[in-house]
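Dear colleague,

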Amino acid sequence: YVRFHLISPLIQQSAENIILFDTFVNILSHNLGEPAYEADVAQLEYKLVAGEYGLVIRVKGFNHKLPLLFQLIIDYLADFSFTPAVFEMITEQLKKTYFNILIKPETLAKDVRLLILEHGRWSMIDKYQTLMNGLSIESLSNFVRAFKSQLFVEGLVQGNFTS
């Protein structure tokens, strides 16, 4: 089991940065779909989670091939690229996801409660309005470049691994 948390202070600076981060993680997951398929068949699991303060990469399975899967994820992260069509598809999916959160009273109430309790939190309404105003491909590229330049990493490795 390998878990790394790539933490960046950049994410919580604005509602736009949160949306750009969500877009980035979704595009990264989309890009990994085909190359990581063989790992999935070999019973290796991976998950990319857009956490509140950074990207969580979780990988688990048999240890002799796990480093290859982790290296694949890191390579795709380091050489991140996307097409305008994929960008458009992911932003449309995010619009639907955010809207579905907003129309459920229990999730909206939770969001409002956390907005009151947490300093510096952006509401789902702010995020949805920012997304509806539109994102540019250039802003995503600039965000990803800045995200990769301001990272702090925490990691946990469990299992039959050497140091």
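Which helix gives the most to the lining of the largest pocket? That helix is α5, with 4 residues, where helices (H or I, at least four residues) and strands (E, at least two) are DSSP runs, numbered from the N terminus. Before going further, please note that this is a predicted model, in which local features need pLDDT of at least 70 and side-chain atom pairs count only at pLDDT 80 or more, while totals for chains, interfaces and linings use all residues. Residues are numbered from 1 along each chain as its sequence is written, and side-chain values use heavy atoms, with hydrogens and water left out.

The pocket

The largest pocket holds about 450 Å³ of space. On a 1 Å grid over the protein atoms alone, a pocket is an open set of points where a 1.4 Å probe fits, with protein on both sides within 12 Å along at least five of seven lines, and lining residues have an atom within 4 Å of a point. Grid points are joined across faces, edges and corners, and the volume is the space filled by probe spheres set on the points. The lining of this pocket counts 19 residues, of which Glu52, Asp111, Arg121, Met124 and Lys127 are the closest to its centre. At least two lining residues come from each of α1, α4, α5 (105-117) and α6 (124-133).

Asp111 is found in helix α5, and with a relative accessible area of 8% Asp111 is buried; here buried means under 20% relative accessible area, exposed over 50%, and partly exposed in between (1.4 Å probe, protein chains only). When neighbours within four places in sequence are left aside, Asp111 is in contact with Arg121, Trp122, Ser123 and Met124, contact meaning heavy atoms within 4.5 Å.

Salt bridges

The structure holds 5 salt bridges, each being a side-chain nitrogen of Lys or Arg within 4 Å of a carboxyl oxygen of Asp or Glu. One of them joins Arg121 and Glu118, at 3.3 Å from N to O, and salt bridges that share partners bring Glu52, Asp111, Glu118 and Arg121 into one network. Arg121 is partly exposed at 21% relative accessible area, and Glu118 is likewise partly exposed, at 28%.

Another salt bridge links Lys60 with Glu45, whose closest N and O atoms are 3.9 Å apart. Because Lys60 lies in strand β3 (residues 54-60) and Glu45 in strand β2 (residues 45-50), this pair ties together parts that are 15 residues apart in sequence. Lys60 is partly exposed, with a relative accessible area of 39%, and Glu45 is partly exposed with 45%. A further salt bridge, between Lys95 and Glu92, has an N to O distance of 3.2 Å; both residues lie in helix α4 (residues 84-102), 3 residues apart, which is about one turn of the helix.

The sheet

An open sheet is formed by 4 strands in the order β2-β3-β1-β4, with antiparallel pairing, two strands being paired if DSSP finds at least two bridges between them. The edges are taken by β2 and β4 (152-157), each with a single partner strand, so one side of each is left without a neighbour in the sheet. Neighbouring strands are turned by 10° against each other on average, direction ignored; axes are lines fitted to C-alpha atoms, for helices over the stretch in contact, and angles run from 0 to 180 degrees between N-to-C directions.

Between β2 and β3 there are 6 bridges, and Leu48 has Ile57 of β3 as its bridge partner. Helix α1 (residues 15-32) packs on the sheet, where it touches β2 and β3, and its direction makes about 165° with that of β2. Strand β1 (residues 2-7) is joined to β4 by 6 bridges, and Leu6 has Val153 of β4 as its bridge partner. Of the 6 residues of β4, the number buried is 0, so this strand lies largely in the open.

Two single residues

Gln43, in the loop between α2 (37-41) and β2, has a positive phi of about 65° although it is not a glycine, and Gln43 is exposed at 56% relative accessible area. Tyr76 is found in helix α3 (residues 66-78) and is partly exposed, at 30%; leaving aside neighbours within four places in sequence, Tyr76 is in contact with Leu28, Asn31, Leu32 and Pro35.

With best regards
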